[in-house]
Amino acid sequence: MTNNFQLDLNNIPKHVAVIMDGNGRWAEKHGKNRLEGHAQGAKAARLAVETAHKLGIKYITLYAFSMENWQRPESEVNGLMSLLTSSIAHQFKDLIENNVRLLTIGDNSYLPENVRKEISNVVNASSSNTGLTVIIALSYSGRHEILSGVKKLLTKFQDQKFDINSLSEEDFSNCLYTAGIPDPELLIRTSGEYRISNFLLWQISYSELYFTNKFWPDFSEEDFRYAIYDYQHRQRRFGKTSNQIDECK
């Protein structure tokens, strides 16, 4: 990555999604326990939110805890839940004062009651804010979200006749956790892994994918800005040819 790059502030993605990967390996590399890695990861998440706010990004979705993560050792899961509660309680107070809104997506029924309560308090306190929306994916699974969407759609129409062929992508999108939120234009994944790990499977169908070898705790504001810079130098064709895109300019 070069330091000599300039962002086009007229071409900032509206929605950026982030798979925050590598906390545990960062901790191992530095001779620390995994929870210390997650604590440093929480600081990096705060920095990413602040950077998104500076750049005028409207939505940032952070993959904090997957449904599969419940399979991790109980001590690590409990530590993560404690860290999550304290982070939301303390880090979001001033963000709310800066017009940031918090939402969560995922199956919250798996979360401890104190975590659900803290999340609900912050979501309610920030509900009228109109600036950056921070979406935290907790106890989240893309496949589970799609299955839940199908069930919701079937329940909606179970007592009435309808033309199945009239159902649209918009109808289905409105049954997902992210109803009313635009799809991410950019997905960032750290730690050198090249997979999407069951994250926003429906929503990222046309997202630009950006991968970096850096572990999440080391992902700096400059790294975030460079990911945007890389995004700005791609041509988003949506099935069209380059010539068609050029003709529309």
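Helices and strands are taken here as DSSP runs, a helix being H or I over at least four residues and a strand being E over at least two, numbered from the N terminus. Good morning, colleagues. The structure above is a predicted model, in which local features need pLDDT of at least 70 and side-chain atom pairs count only at pLDDT 80 or more, while totals for chains, interfaces and linings use all residues. Residues are numbered from 1 along each chain as its sequence is written, and side-chain values use heavy atoms, with hydrogens and water left out.

I begin with the sheet. Two strands are said to pair if DSSP finds at least two bridges between them. Six strands make up an open sheet with parallel pairing, in the order β3-β4-β2-β1-β5-β6. The edges are held by β3 (101-105) and β6 (208-211); each has a single partner strand, so one side of each is left without a neighbour in the sheet. From one strand to the next, the twist averages 20°; the axes behind that angle are lines fitted to C-alpha atoms, for helices over the stretch in contact, and angles run from 0 to 180 degrees between N-to-C directions.

Let us turn to β2, residues 59-66. With β4, strand β2 pairs in the parallel sense over seven bridges. Within this pairing, I60 stands opposite V134 and L62 stands opposite I136. Towards β1, five bridges join the two parallel strands, and here I19 stands opposite Y63 of β2. A nonpolar core is a set of buried Ala, Val, Leu, Ile, Met, Phe, Trp, Tyr and Cys residues joined through side-chain atoms within 4.5 Å. The largest has 45 residues, and those with the most contacts inside it are I57, I60, V134, F224 and I228. At least two residues of this core come from each of β1 (15-19), α2 (34-55), β2, α3 (74-97), α4 (113-125), β4, β5 (186-189) and α7 (221-232). The most is given by α3, with eight residues. A second, separate core of 13 residues includes I19, Y140, L187 and F199. In soluble globular proteins, nonpolar side chains tend to be buried together.

What is I57 in contact with, leaving aside its neighbours within four places in sequence? Contact means heavy atoms within 4.5 Å, and the partners of I57 are I12, P13, K14, V16, A52, L132, F224 and I228.

Helix α2 has 22 residues and reaches 31 Å from its first C-alpha to its last, close to the 32 Å expected at 1.5 Å a residue; the expected span is 1.5 Å times one less than the number of residues. Its buried residues include G37, G41, A45, A48 and A52. Among the elements that cover the buried residues of α2 are α1 (23-29), β2 and α7.

Helix α5, residues 142-157, should span 22 Å with its 16 residues at 1.5 Å each, and its end C-alpha atoms are 23 Å apart, which agrees. Buried in α5 are G142, E145, G149, L153 and F157. Seen down the axis, these buried residues fall within an arc of 95°, so they line one face of the helix; the arc is that of the directions from the helix axis to the C-beta atoms. An α-helix has 3.6 residues a turn, so residues three or four places apart point the same way. The buried residues of α5 pack against β4 (133-140) and α6 (169-173), whereas R143, K151 and L154, on the other side, are exposed.

I close with several individual residues. G106 is found in the loop between β3 and α4 and is buried, with a relative accessible area of 16%. Apart from neighbours within four places in sequence, G106 is in contact with L138, S139, Y140 and Y177. S139 has a positive phi of about 50° although it is not a glycine, and at 0% relative accessibility S139 counts as buried.

The loop between β5 and β6 holds S197, another residue other than glycine with a positive phi, near 50°. S197 is partly exposed, at a relative accessible area of 28%. S191 also lies in the loop between β5 and β6; at 6% relative accessibility, S191 counts as buried. Leaving aside neighbours within four places in sequence, the contacts of S191 are D21, G22, R25, T212, N213, K214 and F215.

Key:
Buried means under 20% relative accessible area, exposed over 50%, partly exposed in between (1.4 Å probe, protein chains only).
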